[in-house]
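Subject: Structure handover

Hi,

Here is the structure to look over. My notes follow below it.

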Protein chains: 2
Amino acid sequence: MSLDQLSPEQQTAVLNVRKRVIEAIGRNMNLYGIPLSTGHLYGLLFFADKPMTLDEMGMGMKMSKTSMSTGVRTLLDMKMVNKVWEKGSRKDLYEVEYDWYQTFTDFFAIKWRKAVEGNILVLKRSIKEMNKYLTEDIDPALRSVLEEDIHKMNEAAKYYSWLDRLIDAMENGDIYDLVPKEE
Amino acid sequence: MSLDQLSPEQQTAVLNVRKRVIEAIGRNMNLYGIPLSTGHLYGLLFFADKPMTLDEMGMGMKMSKTSMSTGVRTLLDMKMVNKVWEKGSRKDLYEVEYDWYQTFTDFFAIKWRKAVEGNILVLKRSIKEMNKYLTEDIDPALRSVLEEDIHKMNEAAKYYSWLDRLIDAMENGDIYDLVPKEE
DNA sequence: TAGAACGTACAGAAAAAACTGAACGAATAG
DNA sequence: CTATTCGTTCAGTTTTTTCTGTACGTTCTA
């Protein structure tokens, strides 16, 4: 059921409440490194009663179609919106993923996993390289520096490994054993 | 033990490895919404063998002291570095918080908690307001719209409540029951 | 109690990011 | 087959963020 069947007063009343919520959602997503306007776009889709086209989003956001295209792509990459197929229309249609728990874990899986595993790799490689310099007949001063650095990097690698396992727990749903969805 | 006791070749060798790690740390922190240069500053402090002053940081980063001041403040606000007191020096000294697990949970506690609880408030208020419009003698079209919106906001509020409890689990350490620090 | 050293506020400059409109290639409808 | 419609690429503009140097208030020193 769309809004345009309502009186103008009813429309503004509903729209004002939505706007406040969209603002909050946008701020929240901005915390995750997503541009505010993309967060607002998400909010628009959140309240939409049906999948939207790029043109409709442009209308709703009062922004260019180009921006909608890039914004929706960002949301798509993070699996925060889904592309919907509707026969008869050759426009692309998008709707939000309403399972926010899934969205949350996807966010970790997509954005963090790669970074974390990349960092583990860099650390392992760096530790190995520093170990290479750590020969028997070494300047004691250098030995001390190297050992200290290696120790620090080992600790960091441990932490990243923990983070990696935390992301596992998100992805496979174990996290809900610790923190259940229903209170 | 400081680097300047080493030969120039030894220094560059160590410095190059560190640089690669610092780069990785910086990229990672950038993911959390922290400027790249601030991430590099963190990396510099990470490898420092002793607490550093703003001037020393400026040297190491080849940047202005003003930038060091704001950068270190950012890191301080996120509890990623600590201010250290040393008698005899009237300069402020800073060192990284080496407990990255603590840093991680602090990050959630500081940056997310406020946002999450703010959003819950906004949602609760918005649901209440929409309910106000939901009277007996209402236009069926409007009723349908309102009920749909209220449902969506309720689901969102549930999710934020879950997130709130997840942050609890981080803060009080329960998260380590599920994902132990040691593998 | 004057002087020097320190950290930060502030305003302007530099850099980065977001946004737009025109143009283009792909796909479909007629 | 041709013409339209669609999404995206790209170059240029606008906006936002980051960085710098000067100036200022504070605190310690002598």
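Start at the end of a helix. Helix 1 of chain B is followed by G33(B), and the phi of G33(B) is positive, near 85°. Keep in mind that this is a predicted model.

G33(B) also matters for the symmetry. Among the residues of chain B, G33(B) comes closest to the rotation axis, with its C-alpha at 2.9 Å. Chain B can be laid on chain A by a turn of 180° and a shift of 0.0 Å along the axis, with an RMSD of 0.2 Å. The two copies are thus related as by a two-fold rotation axis.

**How the chains meet**

The contact takes 57 residues from chain A and 57 residues from chain B. On the chain B side, helix 1 (8-31), helix 2 (36-47), helix 5 (100-133), helix 6 (140-171) and helix 7 (175-178) each supply at least two residues. Helix 6 of chain B gives the most, with 16 residues. By class, the side of chain B that touches chain A has 32 nonpolar, nine polar and 16 charged residues. Do the copies meet through the same surface, or through different ones? The same: 100% of the interface residues of chain B are also interface residues in chain A, so the surface is shared.

**Two helices in detail**

Back to helix 1 of chain B. At 1.5 Å a residue, its 24 residues should span 34 Å. The end C-alpha atoms of helix 1 are 34 Å apart, which agrees. Its buried residues are V14(B), V17(B), R18(B), V21(B), I22(B), A24(B), I25(B), G26(B), N28(B) and M29(B). What do these residues pack against? Helix 5 (100-133) and helix 6 (140-171) of chain A, together with helix 2 of chain B.

Now helix 2 of chain A, residues 36-47. Its 12 residues should span 16 Å at 1.5 Å a residue. The end C-alpha atoms of helix 2 are 17 Å apart, which agrees. Of the 12 residues of helix 2 of chain A, 10 are buried, so this helix is largely enclosed by the rest of the structure. The buried residues are T38(A), G39(A), H40(A), L41(A), Y42(A), G43(A), L44(A), L45(A), F46(A) and F47(A). Their cover includes helix 1 (8-31), helix 3 (54-61), helix 4, strand 1 (81-84) and strand 2 (93-96) of chain A. Helix 6 of chain B is also part of that cover.

**Strands of chain A**

Strand 1 and strand 2 of chain A run antiparallel and are joined by four bridges. In one pairing, V81(A) has V96(A) in strand 2 as its bridge partner. V96(A) and Y94(A) form the covered face of strand 2 of chain A. L93(A) and E95(A) form the uncovered face. In a regular strand the side chains alternate between the two faces of the sheet.

**The surface near DNA strand D**

There are 15 residues around DNA strand D. D92(A), S37(B), M63(B), T66(B) and S67(B) come nearest. By class, this surface has three nonpolar, seven polar and five charged residues. Helix 4 (65-77) of chain A and helix 4 (65-77) of chain B each supply at least two of its residues. The largest share, three residues, comes from helix 4 of chain A.

**Backbone angles to check**

Most residues other than glycine have a negative phi. Which lysines of chain B have a positive phi? K62(B) has one of about 50°, and K79(B) has one of about 55°. K62(B) lies in the loop between helix 3 (54-61) and helix 4 of chain B. K62(B) is exposed, with 6 other C-beta atoms within 10 Å. K79(B) is found in the loop between helix 4 and strand 1 (81-84) of chain B. K79(B) is partly exposed, with 15 other C-beta atoms within 10 Å.

**One last residue**

G118(A) is found in helix 5 of chain A. Is G118(A) buried or partly exposed? With 14 C-beta neighbours inside 10 Å, G118(A) counts as partly exposed. G118(A) and T135(A) are 17 residues apart in sequence and 28 Å apart in space, C-alpha to C-alpha.

Best wishes

Conventions. Residues are numbered from 1 along each chain as its sequence is written. Chains are lettered from A and ligands numbered from 1 in the order in which they are written. This is a predicted model: local features need pLDDT of at least 70, side-chain atom pairs count only at pLDDT 80 or more; totals for chains, interfaces and linings use all residues. A residue is near a molecule or strand if its C-beta atom, placed from the backbone, lies within 6 Å of it. Ala, Val, Leu, Ile, Met, Phe, Trp, Tyr, Cys and Pro count as nonpolar, Asp, Glu, Lys and Arg as charged, and the others, Gly among them, as polar. A residue is buried if 20 or more other C-beta atoms lie within 10 Å of its own, exposed if 12 or fewer, and partly exposed in between; C-beta atoms are placed from the backbone. Two residues are in contact if their C-beta atoms, placed from the backbone, lie within 7 Å. Copies are superposed by least squares on the C-alpha atoms of residues with pLDDT of at least 70 in both. The expected span of a helix is 1.5 Å times one less than its number of residues. Two strands pair if DSSP finds at least two bridges between them.
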